[in-house]
Amino acid sequence: VLYIDADAWFSSSDIEPEAYFALTDADLLGNQNRVGGPKIPMNGGLVFARKSEFTQQFFALWWRGRCGKKDQLPLWATLFASWSAASDGAYDFDSSLFDRYAVAHNKR
C-alpha cells in the first residue's frame with residue numbers, strides 16, 4: 001500500500017516503492033519532514049505498508065483517530081502505541097505527549 005498526500009512529489013521516477021522494501025524486513029515505512037524542517041516522528045504525507053497483521057491494525061487505529069485539521073497527532077499516537085503493543089509493552093512511552101498537537105510537535 002502506498003499512501004501519499006495530494007501535494008507529494010517524487011524526485012526520481014526510476015525508483016519504485018518496492019525498492020524500499022527490498023532494503024528492510026519492516027512492514028511499515030514512513031518519512032520525516034524535508035531537510036531542515038521540524039523533527040517529527042513520521043509525516044503522514046508518505047507511508048509505505050506491506051500487508052501484515054501489524055499494518056492492518058496500525059491503519060485501523062490511525063484511520064479511527066483521523067479527524068480535524070491535524071492528522072499527524074493520531075498518526076504519532078498510533079505509531080507509538082503500535083510499537084508498544086508489538087513489543088508486549090517492552091517499548092514504553094508517555095501517552096500524554098499526544099494529548100495536544102503543540103506538545104507532541106515540540107518534543108524532540
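The chain has 4 helices and 3 strands. Helices (H or I, at least four residues) and strands (E, at least two) are DSSP runs, numbered from the N terminus. Along the sequence, these elements follow the pattern β-α-β-β-α-α-α. The model is predicted, so local features need pLDDT of at least 70 and side-chain atom pairs count only at pLDDT 80 or more, while totals for chains, interfaces and linings use all residues. Residues are numbered from 1 along each chain as its sequence is written, and side-chain values use heavy atoms, with hydrogens and water left out.

The accessible surface of the chain was computed by the Shrake-Rupley method with a 1.4 Å probe; for residues, only the protein chains shown count as cover. The surface comes to about 7500 Å², and 53% of it belongs to carbon and sulfur atoms. Of the 108 residues in the chain, 31% are buried. Here, buried means under 20% relative accessible area, exposed means over 50%, and partly exposed lies in between (1.4 Å probe, protein chains only). Contacts (heavy atoms within 4.5 Å) were also counted. Among contacts between residues at least 6 apart in sequence, 54% join residues at least 24 apart.

The largest nonpolar core holds 16 residues. Such a core is a set of buried Ala, Val, Leu, Ile, Met, Phe, Trp, Tyr and Cys residues joined through side-chain atoms within 4.5 Å. Leu28, Met42, Val47, Phe58, Phe59, Trp62 and Trp76 touch the most other members. Strand S3 (43-49), H2 and helix H3 (72-86) each supply at least two residues of this core. H3 gives the most, with 5 residues. Leu28 has contacts beyond four places in sequence with Phe21, Met42, Val47, Phe48, Ala49, Phe54, Thr55, Phe58, Phe59 and Leu79.

Helix H2 covers residues 53-65. At 1.5 Å a residue, its 13 residues should span 18 Å, and its end C-alpha atoms are 19 Å apart, which agrees. The expected span is 1.5 Å times one less than the number of residues. Thr55, Phe58, Phe59 and Trp62 are buried in H2. Seen down the helix axis, the buried residues fall within an arc of 95°, so they line one face. The arc is that of the directions from the helix axis to the C-beta atoms. An α-helix has 3.6 residues a turn, so residues three or four places apart point the same way. On the other side of H2, Glu53 and Arg64 are exposed. The buried residues of H2 pack against strand S1 (2-4), strand S2 (28-31), S3 and H3. Thr55 has a relative accessible area of 3% and is therefore buried. Beyond its neighbours within four places in sequence, Thr55 is in contact with Asp27, Leu28, Ala49 and Arg50.

The whole structure holds 15 aromatic pairs. Rings of Phe, Tyr and Trp (its six-membered ring) pair if their centres lie within 6.5 Å; planes under 30 degrees apart count as stacked, over 60 as edge-to-face and the rest as tilted. The ring centres of Phe80 and Phe98 are 5.3 Å apart and the planes lie at 45°, so this pair is tilted. Phe80 lies in H3 and Phe98 in the loop between H3 and H4, 18 residues apart. Both are buried. Tyr3, Phe54, Phe58, Phe59, Trp62 and Trp63 form one aromatic cluster.

Asp99 also sits in the loop between H3 and helix H4 (101-106). Asp99 counts as exposed because its relative accessibility is 60%. Asp99 and Ala77 are 22 residues apart in sequence, and their C-alpha atoms are 9.0 Å apart in space.
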